[in-house]
Amino acid sequence: MTQPRSIFAFRVKLYKVQKVLSYVAVFCIIVKAMKYDVVIVGGGASGLSCALTLLSSQGRNWEWAENRKYILFDTDHSDLNKAFLKNVPGIEPMAGRELLQKVRKQIQDWGGMEILQEEVTRVEKKGEHYEVETASGKVFLSDYVVLASGFHGFSIKGINVEVVENTKSPKPGRVMLKHKDYEVDKNLFVVGTLAGLSSHFTSCAGSGVEVAIEILSRFAGKRIVIHDVPEKS
Ligand SMILES: Cc1cc2nc3c(=O)[nH]c(=O)nc-3n(C[C@H](O)[C@H](O)[C@H](O)COP(=O)(O)OP(=O)(O)OC[C@H]3O[C@@H](n4cnc5c(N)ncnc54)[C@H](O)[C@@H]3O)c2cc1C
């Protein structure tokens, strides 16, 4: 028995609509998978300290802190690779490279931070979010971005930032971004030497912590601190 033409045409249309919907669903899944709460650009003293503090908010029965998505991009050219540290409080003298590895291990032990060895080339505001693109063309969405890429230069495209001379550095040619309380634009932060701090591990790490606590406080909707106490014996 032959189907009336109109039923056949309807079925073809239905098939096409289903196909489009399945493409849309796959697209939505991909976008959701690539959407982060915080993207950190740079894995040196300031970026890693920011990461560690963000992660340390988890596992405390703070509902707002759980299931957050964090990612850090790094090209592994931290100044710490060249340093031998004798003036970091509480730390035995050690190579900066060794300290980097220790902090990376602390981050790994907390869990919950994706780390990609990739250069970020573009950060652009798209509505309420930031679009972050890497040199290999991968694109990520994030609510917050923390720029921790050091003071040797700033070539990330897409954002309206004021790059000025870093007057805290005794060496010429070092740069910093203009900011107010580390915020360059809404939910876009700068830390470390790129924020104009003097080039010392503790100052730069401290700025990473400040910004992490600011972001966590915005998640929580109130001011927070993260303090631990010794376990009772
Ligand atoms: C020779 C030397 C000796 C030093 N000795 C001491 C000392 O004794 N005591 C002390 O306290 N401090 C010392 N320092 C200073 C200390 O190393 C720096 O202050 C500190 O590393 C700065 O931290 P930062 O996070 O601003 O930048 P960095 O630690 O330099 O980290 C920046 C990171 O961002 C990454 N990056 C850059 N651009 C991108 C991008 N587009 N995408 C992704 N990643 C990117 C880089 O690869 C790098 O890993 C020394 C530094 C040097 C060079």
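## Handedness of a helix crossing

A crossing of two helices is right-handed if the near helix is turned clockwise from the far one by less than a right angle, and left-handed if the turn is anticlockwise. In this predicted model, helix H2 passes helix H4 in a right-handed crossing.

## The H2–H4 contact

Two packed helices are described by the angle between their axes and the distance between the axes. For H2 (residues 45–55) and H4 (residues 201–220), the axes cross at roughly 40° and come within 7 Å.

On the H2 side, the contact residues are Ala45, Ser46, Gly47, Ser49, Cys50, Thr53 and Leu54. H4 contributes residues including Phe201, Cys204, Gly208, Val211, Ile215 and Leu216. By type, the residues of this contact comprise 12 nonpolar and 6 polar, with no charged ones.

## The chain as a whole

The protein chain contains 12 strands and 4 helices. Its radius of gyration is 22 Å, whereas the globule rule gives 17 Å for 233 residues, so the chain is more spread out than a compact globule. Along the principal axes, the C-alpha atoms fill a box of roughly 90 × 55 × 30 Å.

Buried residues make up 29% of the 233 in the chain. Of the contacts between residues at least 6 apart in sequence, 62% join residues at least 24 apart.

## The S6–S7 hairpin

Strands S6 (residues 120–126) and S7 (residues 129–134) pair in the antiparallel sense, with 6 bridges. Valine 120 has threonine 134 of S7 as its bridge partner. The two strands form a hairpin with 2 residues between them. In the turn, glycine 127 has a positive phi of about 65°.

Technical notes
Residues numbered from 1 in each chain as written. Predicted model: local features only at pLDDT ≥ 70, side-chain atom pairs only at ≥ 80, totals over all residues. Rg over C-alpha atoms; globule rule 2.2 N^0.38 Å. Buried ≥ 20, exposed ≤ 12 C-beta atoms within 10 Å, placed from the backbone. Contact = placed C-beta atoms within 7 Å. Pairing = 2+ DSSP bridges. Axes fitted to C-alpha atoms, helices over the stretch in contact; angles between N-to-C directions. Nonpolar A, V, L, I, M, F, W, Y, C, P; charged D, E, K, R; others polar.
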